[in-house]
Amino acid sequence: PVDYTYPSGYVTLMKPDGTGLLFSTFFSGSKSDTISFAALTGTGIYLAGQAGSVDLPGFDGAVPTACTPLGFVTRMTLDGAAVTSSRTPPGRPLAYDSSTKTLLLSSGSYLIRFDASDATPIACVLDSSDLKPVTAIAPGELLSLLGRFPYYESYPYTSSISPVDGTFPVTFQRLTVMANDIAAPLLYISRQQVNFQAPYELAGSPGATLTLNYLDPNSEPVSDARTLSVTATNPVAFLSQTITPSQTTPLILNADGTVNSATNPAAAGSVVTMFMDGLGTASVQPATGVVNANPKAPLSVPIAVIPSCAGGSCFPAPSFVAAESLPGAISGVTQVQLRAPDNSHPAASLATMFSLSAGDISVRDTNLLFWVK
């Protein structure tokens, strides 16, 4: 059922002389969807906007929940009776070019053409650590493409990709991801997800076009791309779960190596470990696709703990101990050690909430939470 408390879109077509109505139809999924662009053509009505629903007409389950809200483009028949598959364009639609039958899109400082009839397997680009959409990426950041990749629909498995001689490969099962003209190391592939590392060689570039290439089930080449800006650093915490939009749980390991939770809290005063990526060339060992080796290398950028406060009082915050490379993980993954605060209520577990900064850049995942006994 549709929840009508959310904004939704309607499409209405009038007669050319304005004397009557040809049709008016509801166009939305079960959440918030908006229409910000429409173009009437000889073959249909192009619609574009922001989709907050994974069941927007035409998506057919191809868009994972983590992608929304995201832009969409679809074409409705001239009688309003049906739509084609809804696509996720690599930019914001500006106009329809009738001479080429393509949409003109803006993507950052780029003006690009987009054929809405072509399959666009990429739904969105996320940071792999917190699975949140990104609009700018840092050199060395771990990224995920989500969408539908038909070549892998015939495979009953997912593939975590292992490094070869200490370096992750840049091609797997005839699939590649290019960042501008640089091949990106691949870490994981499934029917709806491709994980890779943004090459450190992007440092200093204003933007990066991420191009996915593979073969479909008929061995025909498929290509799709997204263009994002490049930032020097985008520090992100590896998350375990999201409790509320303003409260997140990082992946925290207690001193004994077990995962911290409300039922498995850390001992007061003990050292716990969390993980970060997206530090750019400030990372401990900024080498594209290379596995961190022993011994651990210290991070040169200072990490600061920021207490979370509300209503004039602050949560007990951990203190910073050390930040260093994580042996066995891909370059760019940094482990941060924190000392758990004292628990003044020993009869119950204490929730400690805090934020971090790396250098003068705030980690984008705020109000991080773990438990202390």
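Is Asp 224 buried or exposed? Asp 224 is buried, because its relative accessible area is 8% and buried means under 20%. The points below concern a predicted model.

1. **Asp 224 and its partner.** Asp 224 forms a salt bridge with Arg 226. Their closest N and O atoms are 3.3 Å apart. Arg 226 counts as buried too, at 8% relative accessibility. Side chains of opposite charge can pair when their charged atoms come close.

2. **Salt bridges in the whole structure.** A search finds five of them. One joins the side chains of Arg 113 and Asp 97, at 2.7 Å from N to O. This pair links distant parts of the chain. Arg 113 sits in strand E8 (residues 110–114), and Asp 97 sits in strand E6 (residues 92–97). The two residues are 16 apart. Asp 97 counts as buried at 16% relative accessibility.

3. **A link between two loops.** Asp 365 and Lys 132 also meet through their side chains in a salt bridge, 3.3 Å from N to O. Asp 365 is in the loop between strands E29 (361–362) and E30 (368–372), while Lys 132 is in the loop between E9 and E10, so the pair ties together parts 233 residues apart in sequence. Asp 365 is buried, with a relative accessible area of 0%. Lys 132 counts as partly exposed, at 27%.

4. **Asp 130, in the loop between E9 and E10.** This loop runs between strand E9 (122–127) and strand E10 (136–137). Asp 130 counts as buried at 8% relative accessibility. Its side chain makes a polar contact with the side chain of Arg 364, at 3.0 Å. A polar atom of the Asp 130 side chain also lies 3.2 Å from the backbone nitrogen of Lys 132. Leave aside neighbours within four places in sequence, and the contacts of Asp 130 include Val 236, Leu 239 and Asp 365.

5. **Strand E16 and its neighbours.** Strand E16 covers residues 193–197, and four of its five residues are buried. E16 pairs with strand E11 (residues 142–147) in the antiparallel sense, over five bridges. Here Leu 146 has Gln 193 as its bridge partner. E16 also pairs with strand E15 (residues 186–189) in the antiparallel sense, over three bridges. Ile 189 stands opposite Val 194 in E16. A hairpin of three residues joins E15 to E16.

6. **Met 353.** Find Met 353 in strand E28 (residues 350–358). At 7% relative accessibility, Met 353 counts as buried. Met 353 and Ala 81 are 272 residues apart in sequence. In space, their C-alpha atoms are 51 Å apart.

Notes
Residues are numbered from 1 along each chain as its sequence is written. This is a predicted model: local features need pLDDT of at least 70, side-chain atom pairs count only at pLDDT 80 or more; totals for chains, interfaces and linings use all residues. Side-chain values use heavy atoms; hydrogens and water are left out. Buried means under 20% relative accessible area, exposed over 50%, partly exposed in between (1.4 Å probe, protein chains only). A polar contact is a pair of N or O atoms within 3.5 Å; within protein, one must be able to donate a hydrogen and the other to accept it, and residues adjacent in sequence count only if both atoms are side-chain atoms. Contact means heavy atoms within 4.5 Å. Two strands pair if DSSP finds at least two bridges between them. A salt bridge is a side-chain nitrogen of Lys or Arg within 4 Å of a carboxyl oxygen of Asp or Glu.
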